[in-house]
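Open the model in your viewer and keep the selection tool ready. We will go stop by stop.

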Amino acid sequence: MERQTSYWTIRTLDQESEQAIQQAAALWKEQELIAFPTETVYGLGADATKEGAVAKIFEAKGRPADNPLIVHVADVNQIADYVKQVPPIAQKLMDAFMPGPITLILRSNDKLARNVTAGLDTIGIRVPDHPIARELLRAANLPIAAPSANTSGKPSPTSAIHVYHDLYGKIAGIVDGGLTGVGVESTVVDCTGNIPVILRPGGITQEEIEKITGVLTIGSTMEKQVEKPKAPGMKYNHYEPDVPLWLVEGDEAFFQTEINRLSKEGLKVGVMASEELLAKLHVANPKSCGSLEDLTTIAAHLYDTLRSFKAEEIDIILSETFPKEGIGQAVMNRLEKAASATTKSSC
């Protein structure tokens, strides 16, 4: 049954926006769900100490209950309240990157609701680098469990309108803080072992982390199935647009051949690619996600571009593959999880 969803628009933190902040934070204290902006994507937040509040997240999103949630706090010092210890390597990462788009997996001290951790003895926790998010967290004075504010399995929301389309009528409120910046989720680093492990690439790159930690391991981020995931995005299909997405590995000539072949089969083809590749292709439904000269623009526009393809307009999306360097690693992680197939040039 559809419910009333409050909607607040905040562009600057001032006396006028303070009332909206307090109203939204009050709903968290009443165990309601509020969608809010972070520097990565919009999150769907609930009081992480209350199992009933957290259960509403899974219901609203249609999210499997064995998929753990990331906890957001307003200040780095609050992390120690919810973990058994902060290992030295975790402290180094906190000092270097928090607040920011990084999540650390640490041993839980069991102060948070069990359904936040999906029954594991670890939690993922982060401090978002977004003024509205942190002001909301301060006003609520609660740890907030928050996955992306979208229907489970679909592209994550990078604007409040994405949240509105997916969750209006299912949650108590939406805080519209404008477009997010990074555009892909936080990097998840497991700090429970002797060597840190990147479980999900994201807004902080592998290269940046290695400068702090030295040796690290890359976890099973590209696998479609992980039996007991420590972090979101490791077990289930994610980020899928409304129509099938194929990745195309090859030069522009091969890409054009694939467009022509599928078009001759009677399919309406959409293409998601860089400005540079689109300039060389002939296609009826092109969508640019930025320039190869700056992969951060590709990341920032990735989900919005995926969401812009509508099923009534096209039958299939062909996507360029991007260099797996820097934030391009996170971009390709999302695309490989979203894609139903990959077509490769034989040359």
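How many of the 10 residues of helix α4 (residues 131-140) are buried? The count is 7, so α4 is mostly covered; buried means under 20% relative accessible area, exposed over 50% and partly exposed in between, with a 1.4 Å probe and protein chains only. Before going on, note that this is a predicted model, in which local features need pLDDT of at least 70, side-chain atom pairs count only at pLDDT 80 or more, and totals for chains, interfaces and linings use all residues. Residues are numbered from 1 along each chain as its sequence is written, and side-chain values use heavy atoms, leaving out hydrogens and water.

**Stop 1: α4**

Select Ile 132, Ala 133, Arg 134, Leu 136, Leu 137, Ala 139 and Ala 140, the buried residues of α4. They pack against α1 (15-29), β2 (34-36), β4 (70-72), β7 (144-145) and β8 (173-176). Helices (H or I, at least four residues) and strands (E, at least two) are DSSP runs, numbered from the N terminus. Now step just past α4 to Asn 141, which takes a positive phi of about 55 degrees.

**Stop 2: the largest nonpolar core**

Next, select Leu 44, Ile 79, Leu 104, Ile 171 and Ile 209. Of the 45 residues in the largest nonpolar core, these touch the most other members. Such a core is a set of buried Ala, Val, Leu, Ile, Met, Phe, Trp, Tyr and Cys residues joined through side-chain atoms within 4.5 Å. Elements that each supply at least two residues of this core include β3 (43-47), α2 (51-61), β5 (102-107) and α5 (160-167).

Zoom in on Leu 104. Not counting residues up to four places away in sequence, Leu 104 touches Ala 90, Leu 93, Met 94, Met 98, Ile 123, Gly 124, Ile 125, Val 189 and Cys 191. Contact means heavy atoms within 4.5 Å. A second, separate core has 26 residues, including Tyr 239, Leu 245, Ala 299 and Leu 306.

**Stop 3: α3 on α6**

Show α3 (88-97) and α6 (206-213). At what angle do α3 and α6 pack? The angle is about 125 degrees, with the axes 10 Å apart. Axes are lines fitted to C-alpha atoms, for helices over the stretch in contact, and angles run from 0 to 180 degrees between N-to-C directions. That makes α3 oblique to α6; angles under 35 degrees count as roughly parallel, over 145 as roughly antiparallel, 65 to 115 as roughly perpendicular and the rest as oblique. Ile 89, Lys 92, Leu 93, Ala 96 and Phe 97 of α3 meet Glu 208, Ile 209, Ile 212 and Thr 213 of α6.

**Stop 4: α9 and α10**

Move to α9 (residues 295-308) and α10 (residues 328-338), whose axes come within 9 Å and cross at roughly 30 degrees. The two helices are therefore roughly parallel. Select Leu 295, Ile 298, Ala 299, Leu 302 and Tyr 303 on α9, then Gly 328, Val 331, Arg 334 and Leu 335 on α10, to see the contact.

Stay on α10. With 10 of its 11 residues buried, α10 is largely enclosed by the rest of the structure. The cover over its buried residues includes β10 (197-200), β12 (245-249), β13 (269-273) and β15 (316-320).

**Last stop: Glu 240**

Find Glu 240 in the loop between β11 (217-218) and β12. At 25% relative accessibility, Glu 240 counts as partly exposed. Leaving aside neighbours within four places in sequence, Glu 240 is in contact with Gly 153, Lys 154, Pro 155, Lys 337 and Ala 338.
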